[in-house]
Amino acid sequence: MKLHTLKPAEGSIKSRKRIGRGQGSGRGGTSTRGHKGAKSRSGYKSKLGFEGGQMPLQRRVPKFGFTSHNRVEYQAINLDTLQELVTNLNVDSIDFDLLHQNGLVSKKDLVKVLGRGELTSKINVSAHSFSASAIAAIEKAGGSVNKI
């Protein structure tokens, strides 16, 4: 066997459908486009979401609620996650870099510490925001809170 003798497996290569190549091909005439209408003509392009004049789904479905453009999204980290970090890594302070290195937050996230779980270790926590219960639990364990 040599490189110039290699061929693809039988039946694995299929020639593409050639349309508009005369009546004898079976795909001449309208070239699989059907008769008349915008779709049969050259240069046809449909707008995104256009449903042929029918009221589009985007306009049929009721809209409700309000989304503030000034909303600040935080990545939530709970106390039980912090306790797990302390026991696994044996650290006494937790900051954004440590959370990022361990894959808990991404580079552009803002971190908010929430109060779920128990904290038994004395640690210093640095984050962008804290819930009241998280601050109370951290200070109760003898640690300190530092807002970035």
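Me: What is a salt bridge, and how do I spot one here?
Reply: A salt bridge is a side-chain nitrogen of Lys or Arg within 4 Å of a carboxyl oxygen of Asp or Glu. Side chains of opposite charge can pair when their charged atoms come close. In this predicted model, R60 and E51 make such a bridge, with their closest N and O atoms 3.3 Å apart.

Me: How many salt bridges are there by this rule?
Reply: The count is three. Besides R60 with E51, E73 pairs with R71, the closest N and O atoms being 3.1 Å apart. D80 and R116 also meet, at 3.0 Å from N to O. That last pair links distant parts of the chain: D80 sits in helix 2 (residues 79-89), while R116 lies in the loop between strand 3 (111-114) and strand 4 (124-127), 36 residues apart.

Me: Is E73 buried or exposed?
Reply: Exposed means over 50% relative accessible area. E73 has 56%, so it counts as exposed, and R71 is exposed at 56% too. R60, at 43%, is partly exposed, and so is E51, at 29%.

Me: Which residues form a nonpolar patch on the surface?
Reply: Look for M1, L3 and L6, which together have about 450 Å² of accessible area. L3 belongs to the segment before helix 1 (57-60) and is exposed, with a relative accessible area of 76%.

Me: What sits over the ring of Y74?
Reply: A charge can sit over a ring, and here the charged end of K112 does so, 6.0 Å from the centre of the Y74 ring. As for aromatic pairs, the count is zero.

Notes: Residues numbered from 1 in each chain as written. Predicted model: local features only at pLDDT ≥ 70, side-chain atom pairs only at ≥ 80, totals over all residues. Heavy atoms only, no water. Patch = residues over 30% accessible without salt bridge, like charges linked within 9 Å, V, L, I, M, F, W, Y side chains within 5 Å. Areas by Shrake-Rupley, 256 points an atom, 1.4 Å probe, with all protein chains shown as cover. Helix = DSSP H or I, 4+ residues; strand = E, 2+ residues; numbered from the N terminus. Buried < 20%, exposed > 50% of the residue type's maximum accessible area, 1.4 Å probe, protein only. Phe/Tyr/Trp six-rings, centres within 6.5 Å; stacked < 30°, edge-to-face > 60°. Lys NZ or Arg CZ within 6 Å of the ring centre and 35° of its normal.
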